[in-house]
Structure formats: C-alpha cells, structure tokens
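Let's take a friendly walk through a protein model, from its overall make-up to some individual residues. Keep the sequence and the 3D view open as you read.

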Amino acid sequence: MPLKTEFHPVDVPAKPGVYVYRDRFGVVIYVGKARNLRKRMSSYFQPSRLKTAEPKLRSLINSIHTWSYEVVRSEDEALILESRLIKAYAPHYNILMRDDKRYLLLKIDWNEKFPTLTLARIEKPGNFQYFGPFPKGSALKMTLDFLLAHFGLRACRDSEPNEETRKHCLKRIINDCCAPCIGKVTVEEYRQRLEAALAVLKGDIAGLQAELEAKMKTAAAAMDFEKAARYRDISANLEAVFGRKNRKFENPELPDSDPGMLAVKDLADKLGLQNLPRHVIGFDISNILGKLAVASLVVMRDGKPDRSSYRRFRIKTVDQSNDFAMMKEVIMRHFTRLMENETPFPDLVMVDGGKGQLSSAIAGLIEIGAPPLPILGLAEKNEEIYLPGQSDPVILSRHDPALKMLQSLRDEAHRFAITFHRSLRHKQIERSLLDDIPGVGSKRKIELLRKFGSIAALRKSTPEEIAEKVPGLGLSLAEKIHETITAAKKSVS
C-alpha cells in the first residue's frame with residue numbers, strides 16, 4: 001500500500017491487517033494490528049480523540065505524517081506481521097514486546113550431529129534455522145510432539161546423545177525415537193527423517209493428512225472413537241499450524257519497508273543522478289542583518305536524518321548581511337576539511353536558496369579545487385530545484401517522495417540553524433545585561449562569568465553567593481546584579 005498523508009475512511013478496507021504510521025522524515029513511529037483496519041485507523045483521526053487521549057497517544061497522533069496498511073487474511077496473520085514489523089523497525093511509540101509475549105518458533109541447530117526440532121521464542125545469530133512465528137502455541141506444541149514421534153526424531157536435550165542418555169529416555173519405552181544415541185540409524189538416515197519433517201513444516205502436509213485420515217477411519221470402524229478423535233485433532237492442528245494457507249511470513253516482505261530508500265530512488269530518477277543519493281547533506285544560513293551569522297549542516301542517510309552527523313558553524317569572514325558570501329564560506333570550510341582528512345564526499349549537496357546560493361556554493365567548491373559532485377539549490381517560495389548549468393528550475397509534484405525528502409532536509413537545516421542563532425543571540429543579550437549595571441566594569445564582568453560560567457547560573461545564585469565568590473564585589477552590588485538579571489529574564493526568553 002503506498003504512503004498517504006490525508007486519511008479518508010473509505011480508502012481503508014474493513015478487513016484485518018496491520019497499519020504503519022510514519023513521521024515527516026519517513027521514520028516508522030508506530031505499528032499496530034486490527035481486526036477491522038477502517039474502524040481502528042479512523043479512531044486515530046477523530047478530533048475528539050485528541051481531547052481525551054493520554055499524553056503519549058496525543059503525541060503519537062500529532063506526529064503522524066504519512067500512513068500505510070497491509071491487508072492480511074486473518075487476525076493471526078495480523079498478529080505475526082505486527083510482531084515482525086515491530087522487531088524490524090523498533091518504532092518509538094510501540095511498547096517493546098516482552099519475551100513472554102513473543103510467539104513461538106521452531107528451531108533447528110545445525111551444529112548438532114543429530115539435529116532436532118525444538119521450541120524457541122527469540123531468533124539468535126548462528127547456524128540455526130527458524131520456522132514461524134506461530135500464534136497457536138498449544139496447537140504447535142501438540143503438533144511438535146506428534147512430528148517428533150512420527151518421524152522418530154530425538155526429543156532429548158543432549159547435543160551428542162549416547163548410551164547414558166538412552167538410560168534416562170522415556171522414548172525408548174514407547175519406541176517413539178529412532179535411537180541415534182545407540183547407533184540404530186546412521187547420520188544420513190537420521191537426516192532423511194529430519195528432511196521429511198521439514199517438508200511438513202514447509203507446508204507439504206497432504207500425504208501426512210491422508211495417512212491420518214485413513215487411521216481415523218480405521219479407528220472409528222473399530223469403535224475406538226477416542227483414538228479416532230486424537231487423529232482428527234492432530235490433522236486439524238497440522239492444517240492450523242503448517243498448512244500452506246496458514247504459513248505466514250517466514251521471510252515477510254515488509255509493506256513500504258523503506259520509504260527513505262523509495263525517496264532516494266525517486267530523487268535519483270527525477271534529477272537524473274548517476275548514483276543513488278544515499279548520503280545527502282544540506283546547508284542553511286541564519287543571521288539578522290549580518291549579526292551573529294551562523295550556518296547549519298544536516299545529514300540524511302538513506303532518506304533518514306543522521307543527527308549525530310549534524311554540524312554548525314559561526315561565520316568568520318563575512319561582516320555584512322550577505323547570504324551568498326556566507327554560503328560560500330561555509331561550503332569552502334567544510335569541504336576543505338573533508339579533503340584534508342580524506343573523508344568521502346556526500347552523494348548530493350543541497351543549499352537552501354535559489355540561483356544565488358547555488359552559484360556561491362559552486363564557486364566555493366571550485367576555489368578549493370574540490371572534484372565535481374551533484375549539488376542543487378531548493379528555493380522555498382515555489383519549491384523550485386535549481387541545478388548547475390540549467391537556467392530553468394525543476395518543478396516536482398508536491399506529492400513526490402523526492403521533493404518531500406528535500407523539503408525535510410531543508411526544514412531540518414533551517415530549524416538547526418535558527419536554534420543555534422537564537423541561542424547565541426540570547427547569550428549575547430544576557431551578557432550585555434552586566435554592561436548596564438553601574439559598578440560592573442569589564443574586569444568584573446569577566447570575573448563574574450568566569451566564576452559562574454553563564455548568566456543563567458548567576459541568576460540561580462543568591463546575592464550572598466555572588467558576593468562570596470567574587471572578592472571585593474560587596475553584598476550591595478551583588479544584590480543589584482541579581483535584581484537586574486532576574487527582572488530581565490522574561491525579556492531575554
């Protein structure tokens with residue numbers, strides 16, 4: 001099911017399935033299951049739900065940007081697919097599944113000389129093979145007991161069973177095991193039995209069910225109805241657990257499994273890029289009339305934000321309000337550092353702005369001798385994409401994953417730059433408060449900031465603490481300092 005942004009109940013079938021919610025970056029934030037997708041999903045988009053919802057649910061609803069769903073045949077399939085998706089994506093708003101809530105798996109340890117089928121709940125790395133998960137736990141356990149007995153597979157826990165193991169084995173009494181522990185079968189003969197059992201796990205149950213049906217009829221004809229019922233139950237369990245129509249998602253193809261990569265591929269296609277832009281960086285400038293000018297660098301990998309790689313810059317060489325020159329400076333500084341450290345270049349560079357910002361960025365790259373690389377400018381007014389050597393911009397549909405990815409990158413760069421600029425501005429405003437207090441000269445100002453570290457820390461201190469930490473200041477002046485910076489708190493914030 002393709003991603004959608006607007007929810008209309010008629011677009012969703014009233015069938016069982018799994019729904020997936022993503023944020024504006026395409027990151028999966030919640031996976032849920034439903035007996036009736038339309039009814040369940042509609043409940044999230046009712047205005048009244050926001051008023052009564054608890055904070056966590058309210059936060060989830062406000063974070064939903066796109067949604068998708070996958071229809072399945074039954075509630076059991078929905079349970080299993082939900083489990084798979086939660087493990088694959090680890091969504092922020094999902095409650096982590098506890099071990100005792102995981103569905104059962106069947107496991108084979110191929111490291112063993114005589115492998116057998118055992119139950120497990122967690123898939124671990126190694127030379128293991130898993131089948132499932134299976135939601136019908138009780139049916140699976142009874143069916144496993146039947147398969148072990150029917151194919152004569154060992155049920156003991158010893159990885160290398162021997163004669164000592166045999167002494168404590170109940171299977172020897174009822175003759176339900178082919179006894180590899182005492183050499184009754186070779187390794188090859190045992191493996192043939194195991195392969196026959198694996199065929200059942202893979203859905204080949206017709207022959208076994210026919211055999212069970214024949215035994216059931218024979219028992220019924222002999223008036224042994226208890227045995228006939230047992231064969232009937234075994235056959236029903238086989239169908240419920242291993243029937244082809246009931247085997248689910250051993251290796252599920254996740255619906256819309258990676259919207260980030262879909263956007264990456266769409267961007268490469270729409271812009272005619274030779275390589276997939278899996279590593280994309282974006283730049284933005286923030287300043288007020290050239291004052292406290294800063295720049296931000298944000299990163300997307302495979303269409304998702306990589307916040308650990310974000311960087312921020314103080315503009316050093318441009319004094320006036322000149323966004324073009326500032327963009328050129330930060331581009332030169334960043335890519336000079338990459339070349340000096342022999343760090344791989346990104347697959348694509350985006351600058352916030354139109355032709356002017358793009359031309360400045362390209363000029364900076366040429367000046368430092370950087371090799372050619374894909375670069376574009378995104379103008380916010382009409383979401384126009386400017387490319388080198390092209391006079392006319394590329395206009396994409398606002399529903400294109402490629403444009404949504406660039407918009408997210410641009411918005412994140414803008415947010416990061418604005419946040420940095422605002423913090424510097426606040427610090428400057430707060431520091432200037434001390435300049436307006438009579439008796440606080442430059443030396444005392446430096447001493448106060450050195451002792452307390454910041455105006456915020458100074459504000460939290462008492463006048464007595466201020467006077468004590470700065471010798472010669474005096475309690476009267478300390479009280480004046482504390483009164484001034486506390487009164488100015490609202491205007492600063």
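A residue is called exposed when its relative accessible area is over 50%, buried when that area is under 20%, and partly exposed in between. With 62% relative accessibility, Pro 438 therefore counts as exposed. Please keep in mind that this is a predicted model.

**The whole protein**

The protein has 493 residues, and buried residues make up 47% of them. Its secondary structure comes to 19 helices and 14 strands. How much of the contact between residues at least 6 apart in sequence joins residues at least 24 apart? The share is 61%.

**The largest nonpolar core**

The largest nonpolar core has 31 residues, and the members that touch the most others are Leu 117, Leu 147 and Phe 242. Several elements supply at least two residues each to this core: the strands β4 (104-109) and β6 (128-134), together with the helices α5 (137-150), α8 (187-201), α9 (206-221) and α10 (225-242). There is also a second, separate core of 28 residues, which includes Ile 281, Ile 285, Leu 358 and Ala 361.

Which residues does Leu 117 contact, leaving aside its neighbours within four places in sequence? They are Lys 107, Ile 108, Leu 144, Leu 148, Leu 153, Ala 197, Leu 198 and Leu 201.

Leu 201, one of these partners, sits in helix α8. Is Leu 201 buried or exposed? Its relative accessible area is 1%, so Leu 201 is buried. Leu 201 and Leu 147 are 54 residues apart along the chain, and their C-alpha atoms are separated by 9.7 Å.

At least two lining residues come from each of β4, β5 (117-120) and α5. Sorted by class, the lining has 7 nonpolar, 3 polar and 7 charged residues.

The table lists some pairs of residues, with their separation along the chain and the distance between their C-alpha atoms.

| Pair | Apart in sequence | C-alpha to C-alpha |
|---|---|---|
| Arg 191 and Phe 114 | 77 residues | 7.5 Å |
| Leu 79 and Pro 16 | 63 residues | 9.9 Å |
| Leu 201 and Leu 147 | 54 residues | 9.7 Å |
| Pro 438 and Leu 477 | 39 residues | 8.7 Å |

Arg 191 is found in helix α8. Its relative accessibility is 26%, so Arg 191 counts as partly exposed. Not counting residues up to four places away in sequence, Arg 191 touches Trp 110, Glu 112, Lys 113 and Pro 115.

Leu 79 belongs to helix α4 (residues 75-89). Its contacts, again without residues up to four places away in sequence, are Lys 33 and Tyr 103. Pro 438, for its part, lies in the loop between α14 (401-433) and α15 (442-452).

**Two residues with positive phi**

Most residues other than glycine have a negative phi, and most peptide bonds are trans. Ala 179 has a phi near 55 degrees, a positive value in a residue other than glycine. Glu 342 also has a positive phi, near 55 degrees, and is not a glycine.

Where are they found? Ala 179 lies in the loop between α7 (171-174) and α8, while Glu 342 is in the loop between α12 (323-340) and β11 (348-352). Ala 179 counts as buried because its relative accessibility is 0%. Glu 342 is exposed, because its relative accessible area is 72%.

**Looking for disulfides**

A disulfide is a covalent bond between the sulfur atoms of two cysteines. How many disulfides does a search of the whole structure find? The search finds 0. Take Cys 181, which is in no disulfide: the nearest cysteine sulfur belongs to Cys 177 and is 6.1 Å away.

Terms used: Residues are numbered from 1 along each chain as its sequence is written. This is a predicted model: local features need pLDDT of at least 70, side-chain atom pairs count only at pLDDT 80 or more; totals for chains, interfaces and linings use all residues. Side-chain values use heavy atoms; hydrogens and water are left out. A nonpolar core is a set of buried Ala, Val, Leu, Ile, Met, Phe, Trp, Tyr and Cys residues joined through side-chain atoms within 4.5 Å. Buried means under 20% relative accessible area, exposed over 50%, partly exposed in between (1.4 Å probe, protein chains only). Helices (H or I, at least four residues) and strands (E, at least two) are DSSP runs, numbered from the N terminus. Contact means heavy atoms within 4.5 Å. Ala, Val, Leu, Ile, Met, Phe, Trp, Tyr, Cys and Pro count as nonpolar, Asp, Glu, Lys and Arg as charged, and the others, Gly among them, as polar. A disulfide is a pair of cysteine sulfur atoms within 2.5 Å.
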